[in-house]
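Please prepare a short briefing on the structure shown here.

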Amino acid sequence: MKSNKVVLEAKSLTKDYVDNTGYKIRLFEDLSFTIHENEFTVILAPYGSGKSTLLKILSRTETDFEGEIIKSDERISALIADTPTSLQWKSVKENIKFTAKEVSEREVQKAIDAVGLTGYEDFSPHSKSYGFRLRIELARALAKNPLIVLIDDALDNIDDEKTRFELLVKLRELNKIYDKTTFLFATNNLTDGLFLSDKLLLMSKHPGKIIERYEIPLPEERDASMLDSKEFLELRNSILKRYKEANDKFLTVKI
Amino acid sequence: MTDYSGYKSFAKIAAWFTFIYIILFQFILPPNQILPSPASMIDSLGTLFSEYYFISAIGLTALLVALIPILGFLCCYVTRYYSPKLFLTYDLSSTLLFSFRFFSYVFLMLFMIYWFGSSWIAELVFLMLVAGLEQKIFLASEVRKINKDYFYTLKSLGLTEKEIIRDVVSKLLKPYVFEKIHMLFLLSWGWALIYEMISGSYGMGALMLQALKYNDLSILTLSIVIMIVVIYVSGLLFKLIEYKIISWIPDEIK
């Protein structure tokens, strides 16, 4: 059930960095947005617009920035990176318990079941697919009962369309199961972003700015048939049009 | 993780080389002053053990060299809290010093031989210093290659920097540390032999030097052959231990 409670508010976030040649470059500027409880929010932005850095700032693991972040409570903002970070020498269960020592067995098992790893508790991520490792990382984050889960283009490495789509559906499902946790997903893939989102923030780059905010009027329950629906395609085309208007013709967003 | 391909190819090459050597020097070529025939080498076995004290010579050198990986591993284990962090600060591998470090090792070796004479403890200290420095330089360059996302994701889940270094970074580095210790183990044989040849009173280096002085090429060749077998077997044993300890493939350092 969606609520109007604001769980995270970003106020005028600006980030500069110095490149290898010594030039100061503005990665993004004046980013302001609010995220509501259990509202699946997607940031759709091209490569180089500062998505990863923005998520690091929101998770408070990157502290060098201008602006302000206000959270509704002290629960963690769990970050899931675009490369696998599950620990290969630990089993699925050990991976979760490693960061969630204080969490009960019941909660750990709930997270394992929720991400679809039931029966794989003692398997190790070593030599497993990106999809398997992403599920571990989702379970690891969810077991901690986070305020928000920040996912950085984690599906970008998954080439198999079927696995990719299963994970998209799983993310929507997790958002429903963990109704006190909110998901923020950053991507450059329009189809993935649109499928997942309740709210979509469209960004440009050089420097990164929010150019449009969309409340997505698609139904709660989403499946493969939605991808070919008239409503979905129309929405996708209008976002793409807006994106192209705002960005250089050489910049592309994955369709 | 453990890769035995180097050892397998070496065994194949060595087998072919031995076969050709036996055919050439035992049956085809006449006796010569450079390389002895296999039969004369076998005849020299008794002399090698009785007059050259081969067992104690190779025992001492092997013990000194074997202590390097053991002490190296202990050093990594003890400093696992601090070593990656300490050596994050300065990358020696990018400096001129890195290319010329072997000259400083030679200088250090000569200095230690001059200072302590023929002392096996001094040799051990020298080998430890070289291995320790090499390992630290290696750690400094490898730790930079670790996927930084480990830091960010685990930190966002509430782990402290110290916990990440202790429980994750040190573990991620372990396969590479093992690989380096293995390489150092093989290199240490070279350093130990040179050290013993220069100091000239104990170990395999001194034995080989003595054989060279007496122009006893059968002894020299035989001792080299046995030493290669010892290095090969101990290197293989080291790889087996590595396989038992690390059973996962590190894909983090690319």
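In which hand of crossing does H3(A) pass H4(A)? H3(A) passes H4(A) in a right-handed crossing. The model is predicted.

**Helices H3 and H4 of chain A**
- The axes of H3(A) and H4(A) come within 9 Å and cross at roughly 145 degrees.
- On the H3(A) side, the residues that meet H4(A) are A:Ala111, A:Ile112, A:Ala114 and A:Val115.
- Their partners in H4(A) are A:Arg135, A:Leu138, A:Ala139 and A:Leu142.
- Sorted by class, this contact of H3(A) with H4(A) has seven nonpolar residues, no polar residues and one charged residue.

**Helices H2 and H3 of chain A**
- Helix H2 of chain A covers residues 92-99, and helix H3 of chain A covers residues 105-115.
- Their axes come within 11 Å and cross at roughly 125 degrees.
- H2(A) and H3(A) are therefore oblique to each other.
- The crossing of H2(A) and H3(A) is right-handed.
- From H2(A), A:Val92, A:Lys93, A:Ile96 and A:Lys97 take part, and they meet A:Val108, A:Ala111 and A:Ile112 of H3(A).
- By class, the contact of H2(A) with H3(A) is made of five nonpolar, no polar and two charged residues.
- A:Ala111 and A:Ile112 of H3(A) meet residues of H2(A) and also residues of H4(A).

**Burial and length of H4 in chain A**
- H4(A) is mostly covered, with 12 of its 13 residues buried.
- The buried residues of H4(A) include A:Tyr130, A:Gly131, A:Arg133, A:Leu134 and A:Glu137.
- A:Arg135, A:Leu138, A:Ala139 and A:Leu142 are also buried, and these residues meet H3(A).
- The cover over the buried residues of H4(A) includes S5, H2, H3, strand S6 (148-152) and helix H5 (161-177) of chain A.
- At 1.5 Å a residue, the 13 residues of H4(A) should span 18 Å, and the end C-alpha atoms of H4(A) are 18 Å apart, which agrees.

**Contact between chains A and B**
- Chain A gives 21 residues to the contact and chain B gives 15 residues.
- On the side of chain A that touches chain B, strand S5 (77-80) and helix H4 (130-142) of chain A each supply at least two residues.
- S5(A) provides the largest share of that side, four residues.
- By class, the side of chain A that touches chain B has eight nonpolar, 10 polar and three charged residues.

**Chain B as a whole**
- The secondary structure of chain B comes to 12 helices and zero strands.
- Chain B has 254 residues, of which 29% are buried.
- Among contacts in chain B between residues at least 6 apart in sequence, 75% join residues at least 24 apart.

- B:Leu184 lies in helix H10 (residues 161-199) of chain B.
- B:Leu184 counts as buried because it has 21 C-beta neighbours inside 10 Å.
- B:Leu184 and B:Leu127 are 57 residues apart along the chain, and their C-alpha atoms are separated by 9.6 Å.
- Helix H12 of chain B (residues 217-245) has 29 residues, which should span 42 Å at 1.5 Å a residue; the end C-alpha atoms of this helix are 42 Å apart, which agrees.
- The buried residues of H12(B) are B:Ser218, B:Ile219, B:Leu220, B:Leu222, B:Ser223 and B:Met227.

Key. Residues numbered from 1 in each chain as written. Chains lettered and ligands numbered in written order. Predicted model: local features only at pLDDT ≥ 70, side-chain atom pairs only at ≥ 80, totals over all residues. Axes fitted to C-alpha atoms, helices over the stretch in contact; angles between N-to-C directions. Parallel < 35°, antiparallel > 145°, perpendicular 65-115°, else oblique. Left-handed = near helix turned anticlockwise from the far one by under 90°. Contact = placed C-beta atoms within 7 Å. Nonpolar A, V, L, I, M, F, W, Y, C, P; charged D, E, K, R; others polar. Buried ≥ 20, exposed ≤ 12 C-beta atoms within 10 Å, placed from the backbone. Expected span 1.5 Å × (residues − 1).
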